[in-house]
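Reader: I have a structure to go through and would like to take it topic by topic. Could we start once it is on the screen?

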Amino acid sequence: MEQLLAKYAANPLQTRGRKHVESPPTGRSEFQRDRDRVIHSAAFRRLVYKTQVFVNHEGDLYRTRLTHSLEVAQIARTIARTMSLNEDLVEAISLSHDLGHTPFGHAGQDSLNTCMQNYGGFEHNIQSLRVVEVLENRYVDFKGLNLTFETREGILKHCSLKNAATLGKLGMRFIKRHQPSLEAQLANVADEIAYNNHDVDDGLRSGLINLEQLTNIPFFCEQLERVRSSYPNISKTQTNHEIVRRMINVSITDLLSTSQQMVNRIDPSSADEVRALEKPLIGFSEPFIEGQLAVKRFLSEALYRHPRVQRMTEQATEVVTALFDAFIEKYDGMPDEHAQLARQSHKETGIAGGARIVADYIAGMTDRFALQTYEEL
Ligand code: MG
């Protein structure tokens, strides 16, 4: 059954279209087609072996980029349905938002950015876009996945002004300080809800952080007290799960009511009117933002800078840097297809062109493939 859409939702019948013109899909909408193409892409399958915080081989129960993307899609779809926004579009954006992530999470992305400093830098959002626009190689008629403007708009969450200037229509909103669709705004905030909560969950499971530390954060303390008074005899693991579950619930509830209020107040008459606004309409209440900030500060100090995570970070930097240095020195260190591309790109635009292909190759690696290639060097 067709979902009833609000007047400010993205309507697939009014899509701004695809770069390469295709006939309309039958039996599914344009955004469903985008979602399906993402799911069938190679980059999507590789997400299963890419890390969020913990390196993939640390344990089987931690989040990977794939499970993270599925959680983002779940949260975003729930909210989209309640607000009569386009579920298919938020799903397509959520599932593709991390396609450009390097191996080893943020550590990998930071070191690749450092390696690429003299060659135009490396931004994972732009890389996600590059994956769906150029790097996926599945269709005879076009490069990439040829997704609609709306999905690509959502993938490009942030981008530097310098890069925005090179991205045509998609980059325009960063220059004009305009907003993306409500669906894009929603996928972005759902990403935040997902990673804050699952990092707490993974942190607790790994033992790198503990419940007692969390009592310093008012936001958690409240939930912890409720859980402990309702269920005084449950195990530590059950307590952890119960708290994280409630935290996600509280986050979604706050986001929903705050966003719906903002939307009602502004009452945009179309998706384009949303885009022309100066501020996003999807967001949390002020007190909730404060609470979230405390969680983020805590995670950054206690988890992301934990000596064990730090060691993984150092290893990631070493691996990514070594791979980059080796391949930029000798393109033939890469498989034929990539080596050829690098030589051709180097011929056309100089060493920055070659470096970009090297960065594409490394960014596409899974954690374990990067480690294996590093050992072989
Ligand atoms: Mg994400």
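Reader: Is Asp272 buried, partly exposed or exposed, and why?

Author: In this predicted model, Asp272 counts as partly exposed because its relative accessible area is 44%.

Reader: With which residue does Asp272 form a salt bridge, and how far apart are the closest N and O atoms?

Author: Asp272 forms a salt bridge with Arg16, and the closest N and O atoms are 2.7 Å apart. This pair links distant parts of the chain: Asp272 sits in helix α14 (residues 271–275), while Arg16 belongs to the segment before α1 (30–39), 256 residues apart. Arg16 is also partly exposed, because its relative accessibility is 42%.

Reader: And what does Asp272 do with Arg275?

Author: Asp272 forms a salt bridge with Arg275 as well, with the closest N and O atoms 2.9 Å apart. Both residues lie in helix α14, three residues apart, which is about one turn of the helix. Arg275 is buried, because its relative accessible area is 9%, under the 20% limit for that class.

Reader: Which residue meets Arg275 in a salt bridge at 2.8 Å?

Author: That residue is Glu153, whose side chain meets that of Arg275 at 2.8 Å, N to O. This pair also links distant parts of the chain, with Glu153 in helix α7 (residues 149–155) and Arg275 in helix α14, 122 residues apart. Glu153 and Arg275 are both buried.

Reader: How many salt bridges does the structure hold?

Author: The structure holds 30 salt bridges. In general, side chains of opposite charge can pair when their charged atoms come close.

Reader: Let us change topic to the metal. Which residues coordinate the magnesium ion?

Author: The magnesium ion is coordinated by His68 and His97 through NE2, and by Asp98 and Asp191 through OD, at 2.2 to 2.7 Å. Along the chain, these donors follow the spacing H-x28-H-D-x92-D. His68, in helix α3 (residues 65–82), and Asp191, in helix α10 (residues 182–206), come from distant parts of the chain, 123 residues apart.

Reader: Are His68 and Asp191 buried or exposed?

Author: His68 and Asp191 are both buried.

Reader: Now cavities. How many of 30 Å³ or more does the structure hold?

Author: The structure holds one cavity of 30 Å³ or more. The largest cavity has a volume of about 40 Å³.

Reader: What lines the largest cavity?

Author: The lining consists of Val72, Ile93, Ser94, His97, Gly154, Lys157, Ala184, Ala187, Asn188 and Asp191. Among them, His97 and Asp191 also coordinate the magnesium ion. Helices α4 (87–96) and α10 each supply at least two residues of this lining. The largest share, four residues, comes from α10.

Reader: And the largest pocket, what is its volume?

Author: The largest pocket has a volume of about 860 Å³. It is lined by 35 residues, of which Val134, Leu135, His338, Leu341 and Asp360 are the closest to its centre. Two or more lining residues come from each of α2 (42–46), α6 (124–135), α17 (336–349) and α18 (351–364).

Reader: Which element gives the largest share of that lining?

Author: The largest share is eight residues, and these come from α18.

Reader: Staying with α18, is Gly353 buried or exposed, and why?

Author: Gly353 lies in helix α18. This residue is buried, because its relative accessible area is 6%. The C-alpha atoms of Gly353 and Gly333 are separated by 17 Å, and the two residues are 20 apart along the chain.

Reader: One last topic, the surface. Which residues make the nonpolar patch?

Author: Leu161, Met172 and Ile175 make a nonpolar surface patch of about 280 Å². Leu161 is found in helix α8 (residues 161–164).

Reader: Is Leu161 buried or exposed, and why?

Author: Leu161 is exposed, because its relative accessible area is 55%, and the limit for that class is over 50%.

Notes:
Residues numbered from 1 in each chain as written. Predicted model: local features only at pLDDT ≥ 70, side-chain atom pairs only at ≥ 80, totals over all residues. Heavy atoms only, no water. Patch = residues over 30% accessible without salt bridge, like charges linked within 9 Å, V, L, I, M, F, W, Y side chains within 5 Å. Areas by Shrake-Rupley, 256 points an atom, 1.4 Å probe, with all protein chains shown as cover. Salt bridge = Lys/Arg side-chain N within 4 Å of Asp/Glu carboxyl O. Buried < 20%, exposed > 50% of the residue type's maximum accessible area, 1.4 Å probe, protein only. Donors = N, O, S within 2.8 Å, 3.2 Å for Na, K, Ca; no water. 1 Å grid on protein atoms, 1.4 Å probe; cavity = no way out; pocket = protein on both sides within 12 Å on 5 of 7 lines; lining within 4 Å. Points joined across faces, edges and corners; volume = space filled by probe spheres on them.
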